[in-house]
Structure formats: structure tokens, C-alpha cells
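Thanks for sending this one over. Here are my notes, in the order I would raise them.

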Amino acid sequence: ELPEGVTLAGSRGNKGSKGALLKSDALKTPIMIRAMGPDVRITGLRIQGPNPERHLEHHKRSFGPEGLGRDYYYKFPVSRGIISDFSIRVDNCDISAFSGSAISLRKGSGHHIHHNYIHHCQYNGLGYGISHAAASSLIEHNLFDHNRHSIAGTGVSGCGYVARNNVELGTSLSHCFDMHGGRDRKDGTEVAGTFIEIYNNTFYPPEPAVAVRGIPEDKCAVYQNWFIEHAEPSGAVRGLSEKTTATDNVYGKSPFSVK
């Protein structure tokens, strides 16, 4: 537990250092690091959870033809890395192998997640690099790989993010950047967050890059990104609407195919 204003720092990158390793081997790791107040910073560390696997068969037994259901699914333990209800800065970290979320932003604004390598959070059904409940953040200059969704949000009013200058590397279990809608929450609305801005990112995976599963209260603007394995906007961005737009992006392996 990190009190308000505390920095937890390692030496990652200094003279070739990999940085201090904080690791949990317990599949049930509900929280590894929790911010107890605003202005906490976590920097220069390797933070490793217990579960880098997809567990596709467990998901199939839970929600496939057998239909054992949600209660059965959650009998399998879940792990989460960093959790905060307050403004937090996470930078220059290597964060991996959490079945729930590497970074869980539950409340608040002003969160800043930058210059990290976030990977192998790919437990099917969860598996988030950075997740938002009723929170908003700036996410920039990160590398993502082998996640189910590298960025996700519940889509409640006030939930949102700006994602810029990130690179999504070649493997993703599902779409990369996500915002849930009212149908996911079953709250009788179509609300999919308040404001989402996604620009200057590079997406290597063949899976859809962005999925907005409802209607944002303000807008979702997707622009000036490079979608390497997609030929047109509809393949790269799901949920296009009057409030979710994809403009001035590059599609395909050639950097000269702009739509």
C-alpha cells in the first residue's frame, strides 16, 4: 500500500538494469500494489503476476455449449497488478501476467500511464492491460503485446481515455482498445463512456484495433493511426457511428494508403 505522494522506484534502464522484480506466484492475487491516495508514482520496476495464460478451455466450459456460467468461471482465481482510485503515474515499468488487469483504474481522473511494456494479460473473459471503471486517463508511449484487451473501459458516464503514441505489437487475443456499452452492463442504456481519443498509435495485430460497444456521451475520435493488417476503417474500428469516427488513418502495410 502506497500512501499519498509516495514514489516506488526501481532502476529499469539505468546502465542496462532490468529493474527490481516484484513477483507473485499465487493465482489468487487480488491486488499486488494499491495507491492509498493521489500523486503516487510507480516507476522503473518489473511487476510480474502469476498467470500469463489464456485458459481458453475454462472460458469455453463457462460460456460455451456446456453453459456452466459466470459463477463457475469466477471459481478460477483472478490476479491484478496495480489498483488505484486516485490519480496515479505509472511509467518505465514492465508489467505482465495478470489475469484480471495489469493496471486497474477504478475512480478519478489525471491518471498517466506512459513508457511501459504491458504484456501477457490474456486470460479469456478478462485479460486487460489497463482497465477503467469510473476513471479517465492519459495513456501514451507504451508497448502492448499478448493481451486480450490492452485498454478497456466499463463505459459508465465519466469513463474515458486518451491513447496516443502507443504500439500494439503482433499478438492480441481480441480487439486491442475497448469501451463497453450499456448492453454489457445491462443497465438499459447505450452509453459507451464519455470521451475517447485514439491517435498516433500503430497496430500490428490482425484483430480489430478498436471496439466501441455503444454510443459515447461526447465522442470517440480515432485518427492518424496506422492499422497494418487492415485495409479499411470498418475492419479496424468496430462501432463506427456519428459519435465514433475514424478519419485520416493509414491502412495496410504500405504507409501511403490513407483513408
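1. Asp 91 is buried, with a relative accessible area of 5% (buried is under 20% relative accessible area, exposed over 50%, partly exposed in between, with a 1.4 Å probe and protein chains only). Asp 91 sits in strand 7, residues 88-91. Its side chain meets that of Arg 41 in a polar contact of 2.9 Å (a pair of N or O atoms within 3.5 Å; within protein, one must be able to donate a hydrogen and the other to accept it, and residues adjacent in sequence count only if both atoms are side-chain atoms).

2. A word on the basis before going on. This is a predicted model, where local features need pLDDT of at least 70 and side-chain atom pairs count only at pLDDT 80 or more, while totals for chains, interfaces and linings use all residues. Residues are numbered from 1 along each chain as its sequence is written, and side-chain values use heavy atoms, with hydrogens and water left out. Helices (H or I, at least four residues) and strands (E, at least two) are DSSP runs, numbered from the N terminus.

3. Now the open sheet: 9 strands in the order 2-5-8-10-12-15-18-21-24, with parallel pairing (two strands pair if DSSP finds at least two bridges between them). Strand 2 (20-23) and strand 24 (250-251) stand at the edges with a single partner strand each, so one side of each is left without a neighbour in the sheet. Strand 2 runs parallel to strand 5 (residues 45-48), and 4 bridges join them; Ala 20 has Leu 45 as its bridge partner there.

4. Further along that order, strand 10 (residues 117-121) pairs in parallel with strand 12 (residues 143-147) over 4 bridges, and Tyr 117 is partnered by Leu 143. Strand 12 also pairs in parallel with strand 15 (residues 167-168), over 2 bridges; here Phe 144 has Glu 168 as its bridge partner.

5. Strand 6 pairs in the parallel sense with strand 3 (residues 33-35) over 3 bridges, and with strand 9 over 4 bridges. Which residues does Ser 84 face? Ser 84 is the bridge partner of Ala 35 and stands opposite Leu 105 in strand 9.

6. How many disulfides does the structure hold? The count is 0 (a disulfide is a pair of cysteine sulfur atoms within 2.5 Å). For Cys 93, the closest cysteine sulfur is that of Cys 121, 13 Å away and too far for a bond. Cys 93 is buried, with a relative accessible area of 0%, and Cys 121 is buried, also at 0%.

7. Last, the largest pocket, with a volume of about 650 Å³. On a 1 Å grid over the protein atoms alone, a pocket is an open set of points where a 1.4 Å probe fits, with protein on both sides within 12 Å along at least five of seven lines; lining residues have an atom within 4 Å of a point. Grid points are joined across faces, edges and corners, and the volume is the space filled by probe spheres set on the points. Of its 28 lining residues, Tyr 74, Gly 125, Leu 126, Tyr 128 and His 180 are the closest to the centre. Elements that each supply at least two lining residues include helix 1 (56-63), strand 9 (101-114) and strand 11 (128-140).
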